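Subject: Structure for you to look at

Hi,

Here is the structure I said I would pass on. Have a look at it first, and my notes follow below.

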Amino acid sequence: MGQGQPPADSPPDLEALAARAEAEIAAAENASDLNAVRAQYLGKKGSVAQVLRGIGTLPPEERGRVGQAANAVKVRIDEWVQARRTALESASHAEALAGRRLDVTLPGAGGSPGHLHPMTVMIRDVADFFLGLGFSIEEGPEVETEYHNFDALNMPADHPARDMQDTFWVEGDHVLRTHTSPVQIRAMTGRQPPLRLIVPGRVYRHDMSPRHSPMFAQVEGLMVDEDVTFGDLKGVLYAFARHLFGDDTELRFRASYFPFTEPSAELDFRCPFCAGDGCATCSQSGWIEWGGCGMVHPQVLANCDVDPERYQGFAFGMGLERGVMLRHGLPQIRLLYDGDVRVLEQL
Ligand code: DAH
């Protein structure tokens, strides 16, 4: 504006200037209008600056009053500008909201759901199968006593079979269980046959290779009654293998030794990839090792106060990773436990 400046030697009419500024600020319709008005009054070359610059030409007794008044007007104009800016912003915000309606009843975009770990799928599959045969599912502690893990299973401290197990010792007479077999002892102690149970669970051994992990999973099976035979064992394991690996699956029982079974066998299933011709998966043998089994040793029954004259039982213990690796064509056991999402998403 700048017109209507008072002559240099008479005091400027600051009230009139303030009134004009207030009206123009109120009339500004957007941020750029407002910036222009502000520059006109408060800018370096604006009206208030001109007044301040003109002070030197006033009579000395007027200078202090005019200077103070000009500064006070500056402060007021600044406040009006800020208040107007806030009002303009909230108006444009409200306008934007009114234009963009939000329908809170629309369904959300949804996350990407995860899926069960392949080991969980396997364990559930195994449990399903045995529940169907009337077996119960039992558990035992992973930190186990030496008594349950070894002694009661016919492996006293000096027994050479203990060396096969690469045990992690914990404190005193406790170990990380090296197999699920100690749960046989827990299940039979204080109970009487008939017993039919499986024990899926983690076990630990000091061992590491593409096919071995220091933590892995087994499923133990135990059936004790008056007329249980090795034939029952074979029947159950055949049905189990065919459930997991297909109706044509063949099994091979190899005579073996475990302190807690007599007789004992190691168990292989026919490689489902080459049907026994030999391939990389089965190391050209046509068979894949699966676990151990046998008839429960009479001494083990006696250790649990089950009468070996009256009762017999069979037991088995299978590794669970082998089957999962086969199902998904995994070359290394580690891939199941590293928790690498890029791997898990493919399974
Ligand atoms: N506990 C044995 C192991 O981990 C496997 C095993 C063999 C379990 C024979 C059994 C059995 O129940 O009867 O090496």
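Let me start with α2 and α3: these two helices are roughly parallel to each other, since angles under 35 degrees are counted that way, over 145 as roughly antiparallel, 65 to 115 as roughly perpendicular and the rest as oblique. Helix α2 covers residues 31-42 and helix α3 residues 47-54, and they pack at about 5° with their axes 4 Å apart. Axes here are lines fitted to C-alpha atoms, for helices over the stretch in contact, with angles running from 0 to 180 degrees between N-to-C directions. Helices are DSSP runs of H or I with at least four residues, numbered from the N terminus.

Before going on, a word on the source: this is a predicted model, where local features need pLDDT of at least 70, side-chain atom pairs count only at pLDDT 80 or more, and totals for chains, interfaces and linings use all residues. Residues are numbered from 1 along each chain as its sequence is written, and side-chain values use heavy atoms, leaving out hydrogens and water.

Back to α2 and α3: Gln40, Tyr41 and Leu42 of α2 meet Ser47, Val48 and Ala49 of α3, where contact means heavy atoms within 4.5 Å.

Next, α1. Its axis and that of α2 come within 10 Å and cross at roughly 170°, which makes α1 roughly antiparallel to α2. On the α1 side we have Leu17, Arg20, Ala21, Glu24 and Ile25, and they meet Leu34, Val37, Gln40 and Tyr41 of α2.

Helix α1 (residues 14-27) also packs against helix α4 (residues 60-99), with axes that come within 10 Å and cross at roughly 10°. That pair is therefore roughly parallel. Among the residues making this contact are Leu14, Leu17 and Ile25 of α1 and Val66, Ile77 and Trp80 of α4.

Cheers
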